[in-house]
Amino acid sequence: MTSIGIHDLAVATTHHVLDLAELAEATGVEPAKYHRGLGQEQMSFPAPDEDIVTMGASAAALLLAEHGTDGIRSLLFATESGVDQSKAAGVFAHHLLGLPSTVRTVEFKQACYGGAAALQTALGIVARNPEERVLVIASDVARYELDGPAAPTQGAGAVAILVSADPALLAIEPHSGVHTADIDDFWRPNDTTTPLVDGALSLQTYLDALLGSWGDLQAHGGPGVDEIDRFLYHQPFTKMARKAHAALFRHEDRPVDESALETSFLYNRQLGNSYTASLFVGLAALLDHDDDLAGRRLGLFSYGSGSVGEFLTGIVQSGYRERRRREATESALAARVPLTVEEYRALHVSYTDDSDERETPRTTAAPFRFAGVRDRIRRYERTAGA
Ligand code: HMG
């Protein structure tokens, strides 16, 4: 059987960054709580002319520059920070990227799980038509109430994934384990720009969904814990992945070995939560920094509050080291412009997703920008950096 999976993967993030040590100092919290307690160092923060569309298109542009658009007939855009209740964010991205009109474009939503759902759909499309390639974009801005307990777990980022037959990076195996439970741990009503969160409940339901998905994977003939070489988890903050790993290994009655986890934290510790993109940002970090992955099996757990989980597995392909984008991702992280806490607060407070007429200040150095709203329509444009 032809293998299908991730052929290429690119990461994009925001213009700004906030150092959590500065946030801690300004709010009278010990920095160690954020650094060790949550496992986070920094968080990406969007400029007024950046959003999920500009980040997602920026990540996808890196893939298209290398692979072109031949065979791409689907653009699946996953997000939970959508910019319109009706129009898919992917349609704006489709235009910015200059994709042909012969593409189906649609948006996926189920909290942070949407990225994995889009990936699964892409695998199904390629299974039916192996000559097709599917462009998946997962892009989110995690924006919580200013000064609330979740504020240090904010962040923003996007990944673009090219799904194809005979992939160069990761062949996804056919079995996966899934789990749904109607839980109110985290949700965002239509009349608010920040989610409502029951933090303690969210930690528990994440773990319940992990064990539920894992049990389903086992029931469907998936590999056992000893047959998986590296584990990757959705990372709302990197400590959560440690908790997940410990829970899974305790459940399987195995000593907890965290040694291989750290590598998958390298980008997310600096980016913060990027919701739908987070698991795949972890995957990018692992592929970019672990030289001994060829032929190894990865286990990937996606969690979306509300709640849905899925446990997937995949085999890293022999040529993966030639396809890595470590330099591009590290440069994007290093290029972010630091915010003072006052600047961060001002940006947070001034954020709106309404359709009032406005022009945004030119700030981003990304190839695309959100220019503002005219006639209640969101306007996007290419920048000089495009
Ligand atoms: P909190 O109340 O600020 O933190 O909320 P805490 O008091 O529980 O402390 C956090 C950790 O820091 C603890 O570690 C403390 O011991 C430690 P733990 O016991 O958990 O291992 N700590 C310290 N460590 C070192 N030095 C110190 C120190 N002080 C304390 N001085 C919470 C934390 C995560 C609940 C909050 O930030 C929150 O609500 N975040 C948003 C919700 C979230 O991320 N949930 C995760 C699971 S749900 C999920 O992943 C889905 C999601 O991505 C959304 C989606 O699906 O769309 C969120």
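Which residues around the ligand come nearest? Before I answer, a reminder to myself that this is a predicted model. I get Glu80, Cys112, Lys239, Lys243 and Ser305 as the nearest of the 27 residues around the ligand.

Entry: I checked side chains against the ligand's oxygen atoms. A polar side-chain atom of Lys243 sits 2.5 Å from a ligand oxygen. For His234 I read 2.9 Å from a polar side-chain atom to an oxygen of the ligand. Asn273 has a side-chain N or O atom 3.1 Å from a ligand oxygen. I also looked up the cover: the ligand taken alone exposes 1,100 Å², and the protein buries 73% of that.

**Entry: the shell.** I asked which elements give two or more residues to the shell around the ligand, and found α2 (31-38), α6 (199-219), α7 (238-251) and β12 (297-304). α6 gives the most, with 4 residues. By type, I note 14 nonpolar, 8 polar and 5 charged residues in this shell.

**Entry: the pocket.** The ligand sits in the second largest pocket, which holds about 610 Å³ of space. I find 30 residues lining this pocket, with Ala150, Thr153, Val197, Gly199 and Ser202 nearest its centre. α6 turns up again, supplying the largest share of the lining at 5 residues. α2, β10 (196-197), α6 and α7 each bring at least two. The lining splits into 17 nonpolar, 9 polar and 4 charged residues.

Entry: How many cavities of 30 Å³ or more does a search of the whole structure find? I get 2.

The largest cavity has about 70 Å³ of space. Its lining includes Asp8, Leu169, Asp288 and Arg323. β1 (4-12) supplies the largest share of that lining, 4 residues, and α9 (278-289) also supplies at least two. I note 6 nonpolar, 1 polar and 5 charged residues there.

The second largest cavity comes to about 40 Å³. Cys112 and His234 are among its lining residues. I count 6 nonpolar and 4 polar residues here, and no charged ones.

Notes: Residues are numbered from 1 along each chain as its sequence is written. This is a predicted model: local features need pLDDT of at least 70, side-chain atom pairs count only at pLDDT 80 or more; totals for chains, interfaces and linings use all residues. Side-chain values use heavy atoms; hydrogens and water are left out. A residue is near a molecule or strand if one of its heavy atoms lies within 4 Å of it. A polar contact is a pair of N or O atoms within 3.5 Å; within protein, one must be able to donate a hydrogen and the other to accept it, and residues adjacent in sequence count only if both atoms are side-chain atoms. Accessible areas come from the Shrake-Rupley method with a 1.4 Å probe; for residues, only the protein chains shown count as cover. On a 1 Å grid over the protein atoms alone, a cavity is a set of points where a 1.4 Å probe fits but cannot get out, and a pocket is an open set with protein on both sides within 12 Å along at least five of seven lines; lining residues have an atom within 4 Å of a point. A molecule sits in a cavity or pocket if more than half of its atoms lie within 2 Å of its grid points. Ala, Val, Leu, Ile, Met, Phe, Trp, Tyr, Cys and Pro count as nonpolar, Asp, Glu, Lys and Arg as charged, and the others, Gly among them, as polar. Grid points are joined across faces, edges and corners, and a volume is the space filled by probe spheres set on the points.
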